Amino acid sequence: MPFMCARPLGRLVPKLGSSSLRPVLSSLALSPRRPVGVALQHLGTESWKRFYADHKLELVALDQKWRQKWAESSREKGTGDDEKNKYVLPMFPYPSGHLHLGHLRVYTIADVIARFQTLQGHKVLLPMGWDAFGLPAENAAIERGINPATWTKANIARMKEQLGHMNGSWDWNCELATCDPDFYKHTQKIFLALHEKGLAYQAEAEVNYDPVDKTVLANEQVDANGCSWRSGAKVEKRKLKQWFLKISEFRESLLKDLDTLATNEAWPERVLAMQKNWLGKSKGATVKFPVLAYGQGTPSAIEVFTSRPDTLFGVQYIALAATHPSVQQLAKSDPELQAFLSTLPGLSPDSKVGYLLPHIRAVNPLAYHEETPADTKVSLPIYVAPYVLGDYGEGAVMGVPGHDLRDHAFWKEHHYDAPVRFVLAASEDETTTAMPNEPFTEHGVMNANSGIFKGKSSKEAGEMLVKLLEPAGLAKETEKWRLRDWLISRQRYWGTPIPIVHCGSCGTVPVPDEQLPVVLPEVDEHWAGKKTGNPLESQTDWINTSCPKCGGEAKRDTDTMDTFVDSSWYYMRFIDAHNKDAPFSPEKAEALTPVDLYIGGVEHAILHLLYSRFIYKFLMTSSFSGKEAGTAEAAESESPKVYEPFKRLITQGMVHGKTYTDPATGRFLKPDEVDLSDPHQPKVVATGALANVSYEKMSKSKHNGVDPTTFIAQYGADATRAHILFQAPVSEILDWDESKITGVTRWLSRVFDLVQKTASSSSSSSLSSETSGRSASTVKAFLEEQQQQQEHHPESVDLAKLDASITIWREVQRTISSVTASYNKVYTLNTVISDLMSLTNVIASSSNYDAADPLIRREAVSALIRMMAPIAPAFAEECWHVLFPESSSSPSSSSSLFISGSEQVRFPVPDGTEGLLKSRKQTCAVQLNGKTKFAVEIGTPPAGLLEESAEEKLREFIVSEVLKTEEGRAKLEGRGVDVNKAKKVIVVRGGKLLNVVM
């Protein structure tokens, strides 16, 4: 049978009958099912060299070979207290069962940086785990009639196998799954520590409740009609007793420490802005609007928080949240209001609908001042509006259509013909207010509608208005935050059980440490029956327990925790994954946290990161880290140290897939509905029309998904990694185009050709014969030796060899600096590959390679391999062992680039040869009367001529050098240009530009 290979680089490997493959055949014959790469690795050094001399390598086989070698070797991990420890962490995945290209992108980035830092000599921790609790697994269990644990564990096994094909360097010794009792035991410990400090508490909260599935729904799980996304039932608003974590206690440090994260652009600016906005610190005033009511059950006044008291004269209505106490009271006797409230769960937050409350009006508190304009004294309508948030401010808004975009839109929806009142402008004469029909939202100058405050700056007027109303109890300065305490209760099964029992005598009692973890009970009959709701509520044997405090009858809490609780601290467990007694040890926390580099999607910019910051601040000021305070005050007052979990945050862009649509209908086309016989003109199979092509977010409905494991099986993991990095900067959207991988595979093929060629010419015998008679064994020593010979024995220097060697090594040094900066910056990893491609071209250029010194050739290729190793690790390993076969044959040598402690295999650094790499030639552009006519290669002027005092001598030198060239003589003297008669001869940039003015 033929020798099968998935996708070779360059020429195909011959069939089994080829005599050149007999060394391989003998190895294969011993084990017919052994993978090609595994069989090849057992060849001796000389056999390898003979094999490489004639054949190209196949990347898929190399993946298999080197993955096995890596598995057999033990990689040092960052678990000590060495100052060179590095902690690189990509956000761990939810085990859905299938990796997608987004996973491939983020995990490639993480592994590339980890390998880069390993080559720099760091001990790198790169762990992997599973965010395994959550609603999707529970829904899958209901649909399939199986235990969610069974479903989840099967998915983890499948995804772990897929990850294994990516050539990653994960530390599987640290692997964790949040659904494992050994993990959530410590989640429960952290909860109890928060509870002990008063930072975990129970309170009533309004939730969206699905009466069919008997579960609480997030807002995004309620459709536009107010129905459950899953059951279709009309969602009910219920008040349930829920568990909260008191994140508000840490709000000041959460806000203040954003400044630390902004230093040196450690976190993206937009993420910091999103965090700041979510915290939402506002300074303003609470203002009371007296109420005129024609019925009972209404308050005497409605309190409103505003950050713009300067706009009080412009209030034209009041809007209340659906949850406002006055609304709830009025709804008891108003069926129409009840009906309106039932529609709100399905409306978008920016909906302009509203319900005008009958028989009730509000009065502007400024109406009681005699000099207030008449318009401001008119009573105000009161609406119930979905855009008003019940948990922000007072659940009430003063509507100022003239100076707020949202208020303006709402007013126009309900009072289209009514005039909008403007009470301030950009300038005193109002001439600079550009859009008279649009709200003016900036600070400015008060106008005539502001009564006696006309002409004052709005900021000053706002302060004066609050002071004016304060003595009457109608206003006071206030500080408000948008941030609310974190509701963590979930009425679901598949989550961390809350370790609390409820006793009739003792109240809420923490489960003792020795009884942890509180393990989820087996409820197979629930899943087999495909039942909905929370099965924990019906598990009487599990619920009924004894009170740890008094020994009496008690019941377990049947809520489980939000999965964000697990992900808020998982990065701490990785550093001490096998600690049975504590979530982590203080010593490990001190040595390995915070995380040096955290990588993930910007969609987690708010909640996950905010919760992680909160929990880390708590943990690092608690007994877990050897400190006893554990309060916000300790984090903000006692210790000046800033506790942030992630030193640096990288947010990668999404991966979009090529999408085909029918131009006639707009329908997304399946792969078999598109004729790609001409890839540049895809056609709809059914009609023959040209299909529309776009790049969109990958989804099943758009038929544009790509299975990364299939792609890797075809092209190899290294080519796939390079391709996904090369296509776009890390932070930008990547439009996935499979066809473009050919550029990467051609580059890898060229590199391997270069390695083979260099290996054959760099054998110990050939290298020693070419370098005999000189003492230099390093590039720097060689260049210094050449410089000395030029000074003392110029006739003995091979100038062509020196020029080629300098050209190559100068490009090597430039690339080292550029590539190192890109690896460190991370966002520009795509330029690493373009830089390495350019370096490959310079080295491989026949005019450079053939003329250069063999030492330069070997060291240049060595540097190239090491610089590409983080991106294409298996390919680089193979190239290294071809170039330096002794690295695999010597018992004292490491078998992997990523384990050896030798300086020879460290990531290259600039070697200080910059001063020795000055070229003997430079390009000079020649201008005639300021217009460029031609460019020639001339000799580089001596250093002494570049001094300001040697300007005349530099001119003479450059003119002389230009006229020495055939082109210079032809295009100047040959065309009657006598430089000696020129009005002026100008030399610029050290002779790189010559301008002859006639």
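Confidence in this predicted model averages a pLDDT of 85 over the protein chain, and 87% of the residues score at least 70. A search of the whole structure finds 29 salt bridges.

**Confidence**

- Where pLDDT is low, predicted coordinates should not be read in detail.

**Helix 6**

- Helix 6 spans residues 135-144 and is largely enclosed by the rest of the structure, because 7 of its 10 residues are buried.
- The buried residues of helix 6 are Leu135, Ala137, Glu138, Asn139, Ala140, Ala141 and Ile142.
- Their cover includes helix 7 (148-164) and helix 17 (524-528).
- Gly145 follows helix 6 and has a positive phi, near 70 degrees.

**Backbone geometry**

- The Leu516 to Pro517 peptide bond is cis, with omega near 0 degrees; Pro517 sits in the loop between strand 20 (507-510) and helix 17.
- A cis peptide bond also runs from Thr593 to Pro594, with omega near 5 degrees; Pro594 belongs to the loop between helix 21 (586-592) and strand 24 (597-601).
- Lys530 is not a glycine, yet its phi is positive at about 50 degrees. This residue is in the loop between helix 17 and helix 18 (540-543) and is partly exposed, with a relative accessible area of 47%.
- Arg989, also not a glycine, has a positive phi of about 55 degrees. Arg989 is in the loop between strand 33 (984-988) and strand 34 (993-997), and counts as exposed because its relative accessibility is 56%, over the 50% cut-off.

**Asp718, a buried charge**

- Asp718 is part of helix 25, which covers residues 717-726.
- Asp718 is buried and has no salt bridge; Arg721, the nearest side chain of opposite charge, is 4.4 Å away, whereas a salt bridge requires the atoms to be within 4 Å.
- The Asp718 side chain instead reaches the backbone nitrogen of Ala874 at 3.0 Å.
- Beyond residues up to four places away in sequence, Asp718 touches Asp63, Asn167, Ile871, Ala872, Pro873, Ala874 and Phe875.

**Salt bridges**

- Glu479 and Lys281 meet in a salt bridge with an N to O distance of 3.8 Å. Glu479 is in strand 16 (residues 475-480) and Lys281 in the loop between helix 11 (269-279) and strand 8 (282-293), so the pair ties together parts 198 residues apart in sequence. Glu479 is partly exposed at 36% relative accessibility, and Lys281 is partly exposed at 34%.
- Lys647 pairs with Asp596 in a salt bridge whose closest N and O atoms are 3.2 Å apart. Lys647 lies in the loop between helix 23 (632-638) and strand 25 (649-652), and Asp596 in the loop between helix 21 and strand 24, so this pair links parts 51 residues apart in sequence. Lys647 is partly exposed, with a relative accessible area of 47%, while Asp596 is buried at 16%.
- Asp850 and Lys757 form a salt bridge with closest N and O atoms 3.6 Å apart. Asp850 is in the loop between helix 31 (846-849) and helix 32 (854-868), and Lys757 is in helix 26 (residues 741-761), so the pair ties together parts 93 residues apart in sequence. Asp850 counts as exposed at 51% relative accessibility, and Lys757 as partly exposed at 42%.
- A network of salt bridges links Lys256, Asp257, Arg613, Lys617 and Glu644.

**Ile733**

- Ile733 occupies the loop between helix 25 and strand 30 (734-735) and is partly exposed, with a relative accessible area of 46%.
- Apart from neighbours within four places in sequence, Ile733 is in contact with Arg105, Gly653, Met654, His656 and Ala728.
- The C-alpha atoms of Ile733 and Glu696 are separated by 9.8 Å, and the two residues are 37 residues apart along the chain.

How values were computed. Residues numbered from 1 in each chain as written. Predicted model: local features only at pLDDT ≥ 70, side-chain atom pairs only at ≥ 80, totals over all residues. Heavy atoms only, no water. Helix = DSSP H or I, 4+ residues; strand = E, 2+ residues; numbered from the N terminus. Buried < 20%, exposed > 50% of the residue type's maximum accessible area, 1.4 Å probe, protein only. Contact = heavy atoms within 4.5 Å. pLDDT = per-residue confidence, 0-100. Lys, Arg positive; Asp, Glu negative; His and termini not counted. Polar contact = N/O pair within 3.5 Å; in protein donor to acceptor, adjacent residues only side chain to side chain.
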